[in-house]
Amino acid sequence: QKNNRHQIRNREIDRYRNDSDFIDISNYVFESDKKDKKAQEKIQDKTESIKYDSIDRYWFQRRTWPMMIEQYEINNLPHPGVFAIKALTFFQYFIEQPKFKKYVQIFLASTKQKTSVQYIVRLMNIVTLSFKGPNDKKMHTYSIANNDLSFRPLLEHLCTCPKRFRMVPNHSKNYTGIRSGPLFNFRDAYYVVLNWHFLYQKLYKGLVFDFYNRSGIKTEFRSLPDYFSLIGEQITEYRLFQPVMNHLLDKKYTTLEFDFEGGKTNAKPDLYYRDGNKILLAELKDLTLPAETVSNYSFESLSVQLEKKLIKNEAGANKGILQLLNHIKQINEGGLVYDPFEQRSVKKRNLKIFPVIVYTNFEFSLPGVEDYLRKRFEEELKAYQSEAPWEIGKVHELVMINFDFFLRILAGGEKINFFDLIRDYNINLGRRLRKFKKVPSAKLSLKLYPGFEWIHQDLLRKKNVDIETLFRVLEVDIGPLPK
């Protein structure tokens, strides 16, 4: 039956004609299927080459990134509820800004949706068609039949066609063309889902791009990076990260500080949290990888991007791990104006510092990325310790955590201790590495770096979601739900 559906989908799309604009788009429809199958075969054929190399510190990354990088993201579905929350916050910010409000109206008018909430709710309705049932997220269909005319403009907004497909820059790299339009209208009210993952992304990640390209707001910015910078600071950091972390961490007898200057002074990390002699230092990174990097199948290409985005950029400015190291240097060499902990009888020699990178895009959870940055952080820390008197008790290994983890923890109403979670995670990774070194097999090598969220997945399985608390913390006002 599954093969029959694929054959029907292929035949219907091959019938599509649009005068001189016709191109055989079926190759692109099945591009992800073909590449995924090819990648899986490649992994099966070549995993024996993933052999432990005690000399090459980045042996795992060199042997796996070229095989994994492009298929990894599209084989892991994002959480639609998390994307919807982000989208509500996104729209609310632009609606509240007099300078930008008109662009929200233009964008919604292009899809014939009355409000941003209606846009998100209806898109969620489409996404849920991919579920077999409320507790089963296995895909079961590639087609959508719609007879509700009020839905039609939204579905068309999500569609690609030969002409639009060709207009997308680098449309064949990292499936950019299908990401732009993950639906295909092949007959009246019938639509084909080219890729469910990319349709899920339209709830937020794709929305960010669509809003820039289709609302007219691009005239307010010199470039796309300037637009991303505004979103990263005003929405991701100020409206999502800071309220969520404040709710999760703030309690009596602790010190919690945020950087409200947008990193302009580097006086504070994005998050500083101290409980007794334990300090959590976190830098938030709202970053994406270029499509060219993902499609390059290269360890060197990805490592160059990690160096630029999370260590030191082209202008020589410290990023990510070097920002964290700078804050460790401040603690070691002097004191902190915002937390004079020594006046509270906390000695430097007793401090335990936990450095964390919080990222927002799933690409950075690729196995081996955290390990690469851990080793680079360790190198930089040891170089500093060899030059300056060292007074701090202990600096733990660098940890990378997806911000979606914190949103889901908040939604689940879970009470947690992040220091314990980080400690348990590091212990788990150490156990996996020791087991692998005893029997360095290809199978065990692929289990070395499961990620922070995977190790603590039991915390994310809570069925009762506390939407009321989530909306209150994020100050989201959705009004009455649309029909």
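**Helix packing and burial**

Me: Is the crossing of H15 and H17 left-handed or right-handed?
Reply: This is a predicted model, in which local features need pLDDT of at least 70 and side-chain atom pairs count only at pLDDT 80 or more, while totals for chains, interfaces and linings use all residues. Residues are numbered from 1 along each chain as its sequence is written, and side-chain values use heavy atoms, with hydrogens and water left out. A crossing is left-handed if the near helix is turned anticlockwise from the far one by less than a right angle, and right-handed if clockwise. The crossing of H15 and H17 is right-handed.

Me: How are H15 and H17 oriented to each other?
Reply: The axes (lines fitted to C-alpha atoms, for helices over the stretch in contact, with angles from 0 to 180 degrees between N-to-C directions) of H15 (residues 299-310) and H17 (residues 369-385) come within 11 Å and cross at roughly 55 degrees. Angles under 35 degrees count as roughly parallel, over 145 as roughly antiparallel, 65 to 115 as roughly perpendicular and the rest as oblique. H15 and H17 are therefore oblique.

Me: Which residues of H17 meet H15?
Reply: Contact means heavy atoms within 4.5 Å. On the H15 side stand Phe-299, Ser-303, Leu-306, Glu-307 and Leu-310. Their partners in H17 are Val-369, Tyr-372, Leu-373 and Arg-376.

Me: How many residues of the contact of H12 with H13 are nonpolar?
Reply: H12 (residues 205-214) and H13 (residues 224-249) pack at about 130 degrees with axes 12 Å apart. Val-208, Phe-209, Phe-211 and Tyr-212 of H12 make the contact with Leu-224, Tyr-227, Phe-228 and Ile-231 of H13. Ala, Val, Leu, Ile, Met, Phe, Trp, Tyr, Cys and Pro count as nonpolar, Asp, Glu, Lys and Arg as charged, and the others, Gly among them, as polar. No polar and no charged residues take part, and the nonpolar ones number 8.

Me: Which elements are included in what covers the buried residues of H22?
Reply: Buried means under 20% relative accessible area, exposed over 50%, and partly exposed in between (1.4 Å probe, protein chains only). In H22 (residues 467-474), the buried residues are Thr-469, Leu-470, Phe-471, Val-473 and Leu-474. Their cover includes H5 (80-96), H13 and H18 (403-412).

Me: How many helices and strands does the chain have?
Reply: Helices (H or I, at least four residues) and strands (E, at least two) are DSSP runs, numbered from the N terminus. Of the 483 residues of the chain, 52% count as buried. The chain has 22 helices and 9 strands.
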